[in-house]
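Good morning, everyone, and thank you for making time for this short talk. Please have a look at the sequence and the model first, and then I will take you through a few places, one after another.

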Amino acid sequence: SGRGLIIPRRAHKTLNTPQKSVAILKPDPQQIDPDFLYFAILSEIRRLIDAAGGTAQKNLLLRDIRAFSVRVPSRSIQERVVTILSPFDRLITVNENRIESLQSLARLLYRQATSDANVSGARQLFTSSIFWRFVSENVGRYGGTKRYYATADIDGLDVVGDGVDVSYEQKPSRAQKQPDKCTVWFARMKDTYKVAWYGPSDGTRAAGHVLSSGFAGFQAAEEEFFPLLLLTISSREFQAEKNRYCTGATQMSLTNEGLSRIAVPLPTEQEARWLGRSAAPVLAQISVLQTANRGLREVRRLVLERIFSKEVSPEVSLS
């Protein structure tokens, strides 16, 4: 914003890996307000994503980006649009900063709880822990519709995609995993950091969702162990171990056999319960802020649709 826009050409983000494949747009500020261009592209983001080609990994080619066009009104209208939409982004950014601070606090508590295991170098097999179980069951038959989320709908520790409502009969073949309260789900693909989580108070939300079979899920044995489960799966140690045991030719991912080999530092039961009591309020606040941001994004989307649904000319190519 104000300088240029960076569009990831691949459909996923990586953890601790520089993004090497991006397209950088530098609009002429005399013709297009950079903030307006950002909102214009945001209003057409689904069309831009659909332009990505490839099988195993969707990828935007430069020719696709150059051929992509957005409608641009007069400069005065551009400025009015920015004035209307910018407050949404400012509120979202404030909440994201608060979430980042709370996540840092939760990670500090996790480090404290596992400090003895880290100092001694002791590791335990993740799947054998008494603190949780592997969710092996697939979604059962249900009436009405549920909201299906693919791995692309998750970014980091948050749901950023809209998902799609599906009935049991019409759901995609990959819509196989049923979340529940106190469950944590991570994408099996190598070099991806996508974690969907449902806390002790998220039973109703979880019951209305279906996740892709690209996720592996675990459920805490007790509510007090949920923070340990979430903070372990979202830790750098776990993600590094996941990547270590990923296999495959076209798309490397974690099989159940590879999952069974992951070892992580785990605390004593006493320390696990201390972490549960200490981190639970922090995670609850993160969940509240994420929910608020999802609401803000939805309102922003509706406003975007209303603004950009009108025919505006001329069309300007991103090239």
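Predicted model: local features only at pLDDT ≥ 70, side-chain atom pairs only at ≥ 80, totals over all residues.

Let me begin with a definition: rings of Phe, Tyr and Trp (for Trp, its six-membered ring) are called a pair if their centres lie within 6.5 Å, and planes under 30 degrees apart count as stacked, over 60 as edge-to-face and the rest as tilted. By this rule, the count here comes to ten aromatic pairs. Residues are numbered from 1 along each chain as its sequence is written, and side-chain values use heavy atoms, with hydrogens and water left out.

In general, a pair of aromatic rings is described by the distance of the centres and the angle of the planes. What are these two values for Phe 126 and Phe 218? The ring centres of Phe 126 and Phe 218 are 4.7 Å apart and the planes stand at 75 degrees, so this pair is edge-to-face. The two residues come from distant parts of the chain, 92 residues apart, with Phe 126 in the loop between β4 (124–125) and β5 (132–134) and Phe 218 in strand β14 (residues 215–220); helices (H or I, at least four residues) and strands (E, at least two) are DSSP runs, numbered from the N terminus.

Lys 146 lies over the face of Tyr 142, at 4.9 Å from the ring centre, and Lys 171 lies over the face of Tyr 168, at 5.1 Å from the ring centre.

Now to the helices. Helix α4 (residues 75–113) and helix α10 (residues 269–308) pack at an angle of about 165 degrees, with their axes 9 Å apart; axes are lines fitted to C-alpha atoms, for helices over the stretch in contact, and angles run from 0 to 180 degrees between N-to-C directions. That makes α4 roughly antiparallel to α10, where angles under 35 degrees count as roughly parallel, over 145 as roughly antiparallel, 65 to 115 as roughly perpendicular and the rest as oblique.

Next, the backbone. Most residues other than glycine have a negative phi. Cys 182, however, has a phi near 60 degrees, a positive value, and this residue sits in the loop between β10 (175–177) and β11 (183–187), where Cys 182 is buried at a relative accessible area of 4%. Asp 191 also has a phi near 60 degrees, and is found in the loop between β11 and β12 (195–198), but Asp 191 counts as partly exposed, at 29% relative accessibility.

Finally, here is one contrast to look for on the screen.

Conventions: Lys NZ or Arg CZ within 6 Å of the ring centre and 35° of its normal. Buried < 20%, exposed > 50% of the residue type's maximum accessible area, 1.4 Å probe, protein only.
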